[in-house]
Amino acid sequence: ERDVVRAPEPVTTVRLHNVNTGKRILAHTPVVAGRAATSAPTRLAGVPGTGTELRTEYMDPSGAVTGHLLPTGRPRTLLHPRTGTPIEVSIVDVTAPVVIAHLADVGLDPALDIDAANAQPALLQRLESLRAEAAVVLGLAPDAAAAAAVSPAVPRVVLVGGPPGGEPGHELVVRATSLQRVHHACPLTSALCTAAAAAIPGSVPASVSSLPSGGTIRLVHPKGVIEVEVKTGSNMEGTFISSVSVARTARRLLRGTAYVRRSGPTSPAPR
């Protein structure tokens, strides 16, 4: 829109650098008449409005926060939350650290309405206890009691299960959390990480629906379905994640000018 990059049709790939994580993102953007196309009727589950589909591809996304695909060094880890029994989880860092457990192990029925789930203090306490224990394992909190204060958003928790009726295919039922609540859909970083985890042999998601050579997996959340493409490779250390990508929509929301007063008794000047 601002002529920062050349925009050849039909798709322009814009290279982005996320300075928070040091990672690269490729935005594969549809172009019409030299401008980003924004008016197609693509609708994403859980996202209001419609727009033109563009694909964001997160390159070499492993270890965005912890520096490692598997921060504990193994695909499964046994956590001992303060509430409930020990639970086997996968702690995976792809775009962000996520703790992944089976729905049944936490006692969350995927058919339960999200508002009803968030009205159950005991369930929320179990989820936060699991998240807090993982935060300690990751070195993000000194102890579980401090996790909600010092690291309330990281890691997130995702619970997975098989599709209803056990139909074959690359599909996972997911219920995600954010800030001590069950999420109404599924945060994008949680979706990307969960999909990537399905490509890791021995992980919790891989025990339900695996992507041993990469591919596309469907994540079924309360608002619908999100499809994530996972590209993998292998080396002496095993499987690695080359990229994860997902379809999004985007449009310009605002163009404006902010006027900031200079120091001293001069008139306001635009910057």
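Gln180 sits in the loop between S9 and S10, where helices (H or I, at least four residues) and strands (E, at least two) are DSSP runs numbered from the N terminus. This is a predicted model, so local features need pLDDT of at least 70 and side-chain atom pairs count only at pLDDT 80 or more, while totals for chains, interfaces and linings use all residues. Residues are numbered from 1 along each chain as its sequence is written, and side-chain values use heavy atoms, with hydrogens and water left out.

Back to that loop. Gln180 is not a glycine, yet it has a positive phi of about 65°. Leu179 is in the loop between S9 and strand S10 (181-182) as well, and its phi, near 50°, is also a positive value in a residue other than glycine. For background, most residues other than glycine have a negative phi, and most peptide bonds are trans. Leu179 counts as exposed because its relative accessibility is 51%, whereas Gln180, at 28%, counts as partly exposed. The cut-offs here are under 20% relative accessible area for buried, over 50% for exposed and partly exposed in between (1.4 Å probe, protein chains only).

Cis peptide bonds turn up too. One joins Glu9 and Pro10, with omega about 0°, and Pro10 belongs to the segment before strand S1 (11-18). Another joins Val154 and Pro155, again with omega about 0°; Pro155 is in the loop between helix H4 (147-150) and S8.

Next comes the inside of the model. A nonpolar core is a set of buried Ala, Val, Leu, Ile, Met, Phe, Trp, Tyr and Cys residues joined through side-chain atoms within 4.5 Å. The largest one has 33 residues, and Val92, Val228 and Val244 have the most contacts inside it. Elements giving two or more residues to this core include strand S7 (97-102), strand S8 (156-161), H5 and strand S13 (238-249). H5 gives the most, with six residues. Apart from this core lies another, of 21 residues, among them Val89, Val99, Ile114 and Val182.

As for helix H5 itself (residues 188-197), eight of its ten residues are buried, so the helix is mostly covered. Among the buried ones are Leu192, Cys193 and Ala197.

S11 and S12 run antiparallel and are joined by seven bridges, with a hairpin of two residues linking them. Across this pair, Ile217 stands opposite Val228 in S12. S12 and S13 also run antiparallel, joined by eight bridges, and a hairpin connects them through two residues. Here Glu229 has Ser245 in S13 as its bridge partner.

Finally, there is Glu133, in helix H3 (residues 121-137). Glu133 is buried yet has no salt bridge, and the nearest side chain of opposite charge, Arg82, is 6.3 Å away. A salt bridge takes a side-chain nitrogen of Lys or Arg within 4 Å of a carboxyl oxygen of Asp or Glu; for charge, Lys and Arg count as positive and Asp and Glu as negative, with His and the chain ends not counted. Neighbours within four places in sequence aside, Glu133 is in contact with Leu79, His80, Pro81 and Ala144.

Notes: Contact means heavy atoms within 4.5 Å. Two strands pair if DSSP finds at least two bridges between them.
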